[in-house]
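Student: I am new to this structure. Please take one part and go through it closely with me.

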Amino acid sequence: MLSLEQVKQSLERAGQAHVLQFWPELSGLERDAFLQDLSQLDLQRLREHCEGAARAAAAPPGSLDRHIEPVPPESIGSVRRSGSKALTEWEHEGLLQISQNRVGVLLLAGGQGTRLGVQYPKGMYNVGLPSSKTLYQIQAERIHKIQQLADRKYGSKSTVPWYIMTSEFTLAPTEKFFKENHYFGMEPSNIVMFEQRMIPAVTFDGKVILQGKGKLAMAPDGNGGLYQALVDNKVLEDMKTRGVEYLHVYCVDNILVKMADPVFIGFCVSKGADCGAKVVEKACPAEPVGVVCRVRGVSQVVEYSEIQPETAELRGPGGGLVYSAGNICNHFFTRAFLQDVAEKFEGQLKQHVALKKVPFVDSCGNQVKPIKPNGIKMEKFVFDVFPFSRNFVAFEVVREDEFSPLKNAGGAATDTPTTARASLLTQHLRWAAAAGAALCDEHGNTLPAPSASAGDTAPAQWEISPLVSYFGEGLEMLKGRTLQTPLILDEEKAKELQAQQHLCEK
């Protein structure tokens, strides 16, 4: 730990001497804690960070419209537009890589559930499924199942390690939650949790904000903080030791995420890609999602706010949007590419400005909760590494099957616990119908065939455990049956139906 004098000198050089203005009022314990926090800051780069934040906030947005173009067709795969033969080959390739322990998954779990109205990590959220499973449990069970599918096909005993990047706010509660839930049946050594860095929030004129008299206002450095965190926590070394060559990176809040999706993995591997992104077709030109495209010939994500409306509305000969590839924070990376990023490119990652309402203490030491944005939080985004890829690919998936984010509390128009729950249950109804089951309600009335739309707000309470089916496969025991809702098809119920089916066949 640095001495007080060393910290003072560094703060003065950075133009941040005000940080210690309340030092005389702090107790001995408060001083020790504050000095510890300040010692952990990168004081050498503090001036650069603060000045860069102020410049970025003041800079007018540039227009990219003259320089953008769609991702070329040869670099795009699609669930809908590819033939069944290609999809099967990609799936087999992905399962083969999983069976050889060459695939890991990495969860970006640094965010709290503040917008959901809770103070704990989003992964601990229960959207109200019949089973009451949390996002973490659903994802853990999908890892179990994809390992099982790979092992069944290739006679292996595979392991898909689960790397979980947390923040200072979410690490302890996440560790506690996993321990209390016995790691959802996974081997604890195959779950690697690590923290991303925290960086100070600053005022519009580039001054570090004091959240308390002896505490800086700190925030995670965005999901693009992943690349520095991989180095800080020696995660790349862990991957190398385990033989992991390919990584599926995703965001915690997508209830439909396919963990280590073998089709996506297989597509990227067969294309020799070092970096890939899943995309969904934009619902409309103004949908507020980033677009995967090229700028000056380089692959990247352009935020919806950076594209003029007339460009967003452009349509091709077939009537579809020219810039339709919506980014869903679902990516593929080779370990070699991540190593390159860590060694050569991390310092070149773009910094994004987020204007926030940051609680602070005023010059008199009074606590203030601002009613409008007063601070800048600088963030890096996980997709900011796309321009450094030598062979980037995009893979289009069906929104109703793979993308339903949980971002807002109940009552909002979109992305709520209600819409996430409806998306999953409607998907499970489609799987049951495709397997040949007829469904009826608690009164025996036949239910209509489920809609392909994820917007249904009150689907039947029919839930299929990921331990039974990863993506609609393995449901042959449902054929010809009439099943009454509500029903949870867990492993025990599935075995019971299979046993009944065998008796009938005899």
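Tutor: Start with F184, which is buried, with a relative accessible area of 10%. That value puts F184 in the buried class because the class covers everything under 20%. This is a predicted model, so treat each value as computed from it. F184 lies in the loop between α6 (171-180) and β5 (191-195). Its backbone stands out too: phi of F184 is near 55°, a positive value in a residue other than glycine. Most residues other than glycine have a negative phi.

Now take S132. S132 also has a positive phi, about 65°, and is not a glycine. Its place is in the loop between β3 (103-108) and α5 (135-154). The cover differs, though. S132 counts as partly exposed, at 42% relative accessibility.

The peptide bond from T485 to P486 is cis, with omega near 0°. P486 sits in the loop between β22 (482-484) and β23 (487-489). Most peptide bonds are trans.

Next, look at the rings. A search of the whole structure finds 18 aromatic pairs. One of them joins F267 and F395: the pair is tilted, 5.0 Å centre to centre, with 35° between the planes. F267 lies in helix α9 (residues 262-270) and F395 in strand β19 (residues 392-396), so this pair ties together parts that are 128 residues apart in sequence. F267 is buried, at 1% relative accessibility. F395 is buried as well, at 0%.

F386 and F392 form a tilted pair too, 4.8 Å centre to centre, with 45° between the planes. F386 is buried, with a relative accessible area of 1%. F392 is buried, with 5%.

Step back to the cluster. Ring pairs link F267 and F395 with W90, Y246, F264 and F332.

K258 lies over the face of F471, at 3.8 Å from the ring centre. The charged end of K153 sits over the ring of Y154, 5.5 Å from its centre.

V353 is found in strand β15 (residues 352-356). V353 counts as partly exposed, at 35% relative accessibility.

Terms used:
Residues numbered from 1 in each chain as written. Predicted model: local features only at pLDDT ≥ 70, side-chain atom pairs only at ≥ 80, totals over all residues. Heavy atoms only, no water. Helix = DSSP H or I, 4+ residues; strand = E, 2+ residues; numbered from the N terminus. Buried < 20%, exposed > 50% of the residue type's maximum accessible area, 1.4 Å probe, protein only. Phe/Tyr/Trp six-rings, centres within 6.5 Å; stacked < 30°, edge-to-face > 60°. Lys NZ or Arg CZ within 6 Å of the ring centre and 35° of its normal.
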